[in-house]
Amino acid sequence: MPTTPWQEQSSESAAGWVSESLEPKGCLGLSGTVLAAAAILVSVGVLAGLWWMSRQREDLLQKKLRLQTVHLEPLVHAEGPIRLGDLHGKVVVLNFWGTWCPPCLMELPHLAELQRKYRAQEGVLFLAVSCGPASPEDPEEIRSQTVAFLANQGFDLPTYLDPGFVTRQAVAQAVGFRGYPTTLVLDRNGYIRKVWVGFDRQMPEQLDQLIQQLLVEAP
């Protein structure tokens, strides 16, 4: 089977860190070589050269983009595996984050709050996917760090693993995958309606409004 860019994680295939305006908004797990290079850049004050704007703003409805596959395994506070068919008829919030990613940790409390708001709403599904900083990922390390972090923060957000980067690869094929955190919203027909890359302080309010909008839309 051909090697995917997720498995290679070479300096050529790994994307750089992402940001917006004056503060870091997102980050991407890199190989040890690239991390070492980044540390050197920090020491000479040129890390800003790695930052670039990446949050998508446009409404994706007209593009009719879907995920071709979803393969998530339960990690913590999750009842069972998630496959593409489990998303049918639901408004889905799909978030990729990591305990090692500061912008992810800034965003996660907002997602946990929204998940609590909508947890009784049968038509809404929140899927938080905890990811490692490099490839190959260590599922047990991700599990232990994620469980400890969520317990410390008092979050009961349903959280999953993405074995073999299968779901992230599907996201990459549909809309691109440029950094962490990445959040997608799918409507009840499975179309990707919004993508955020990195932490945006306006995102929680926008996400809340979008969920409400999609809930009243006819499937």
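Is His-77 buried, exposed or partly exposed? His-77 counts as partly exposed, because its relative accessibility is 43%, where buried means under 20% relative accessible area, exposed means over 50%, and partly exposed lies in between, computed with a 1.4 Å probe on protein chains only. The points below set this residue in its surroundings.

1. **Basis of the note.** The model is a predicted one, in which local features need pLDDT of at least 70 and side-chain atom pairs count only at pLDDT 80 or more, while totals for chains, interfaces and linings use all residues. Residues are numbered from 1 along each chain as its sequence is written, and side-chain values use heavy atoms, with hydrogens and water left out.

2. Seven strands form an open sheet of mixed pairing, in the order 4-3-7-6-5-8-9; its edge strands are strand 4 (82–83) and strand 9 (192–197), each of which pairs on one side only. Helices (H or I, at least four residues) and strands (E, at least two) are DSSP runs numbered from the N terminus, and two strands pair if DSSP finds at least two bridges between them. In general, strands of a sheet pair through backbone hydrogen bonds, either parallel or antiparallel.

3. **The side of the sheet with strand 4.** Strand 3 and strand 4 run antiparallel and are joined by two bridges, with Leu-72 having Ile-82 in strand 4 as its bridge partner. These two strands form a hairpin with five residues between them, and His-77, in the turn, has a positive phi of about 60°. Strand 3 is also joined to strand 7 (residues 159–161) by three bridges, again in an antiparallel arrangement, and here Glu-73 stands opposite Leu-161.

4. **The side of the sheet with strand 9.** Strand 8 (residues 182–186) and strand 9 run antiparallel, with five bridges joining them. Thr-182 stands opposite Val-197 in strand 9.

5. **Helices packed on the sheet.** Helix 5 (residues 166–175) packs on the sheet and touches strand 3 (71–76), strand 5, strand 8 and strand 9, its direction making about 110° with that of strand 5. Helix 6 (residues 203–216) also packs on the sheet, touching strand 5, strand 6 (124–130), strand 8 and strand 9, and its direction makes about 170° with that of strand 9. Contact means heavy atoms within 4.5 Å, and the axes are lines fitted to C-alpha atoms, for helices over the stretch in contact, with angles running from 0 to 180 degrees between N-to-C directions.

6. Helix 5 is mostly covered, since seven of its 10 residues are buried; among them are Arg-168, Gln-169 and Val-171. Just after this helix, Gly-176 takes a positive phi of about 90°.

7. **Val-93 and Leu-184.** Val-93 has its place in strand 5 (residues 91–97) and is buried, because its relative accessible area is 1%. Leaving aside residues up to four places away in sequence, Val-93 touches Leu-125, Phe-126, Leu-127, Thr-183, Leu-184, Leu-207 and Ile-211. The C-alpha atoms of Val-93 and Leu-186 are separated by 6.7 Å, although these residues lie 93 places apart along the chain.

8. **The nonpolar core.** The largest nonpolar core has 53 residues, and those with the most contacts inside it are Leu-67, Leu-94, Phe-96, Leu-127, Leu-184, Ile-192 and Leu-207. Such a core is a set of buried Ala, Val, Leu, Ile, Met, Phe, Trp, Tyr and Cys residues joined through side-chain atoms within 4.5 Å. In soluble globular proteins, nonpolar side chains tend to be buried together.

9. **Backbone details worth a look.** Most residues other than glycine have a negative phi, and most peptide bonds are trans. Lys-64, which is not a glycine, has a positive phi of about 55°; Lys-64 lies in the loop between helix 2 (32–43) and strand 3, and counts as partly exposed because its relative accessible area is 48%. A cis peptide bond joins Ser-135 and Pro-136, with omega of about 0°, and Pro-136 is in the loop between strand 6 and helix 4. Another cis peptide bond joins Tyr-180 and Pro-181, where omega is about -5°, and Pro-181 is in the loop between helix 5 and strand 8.
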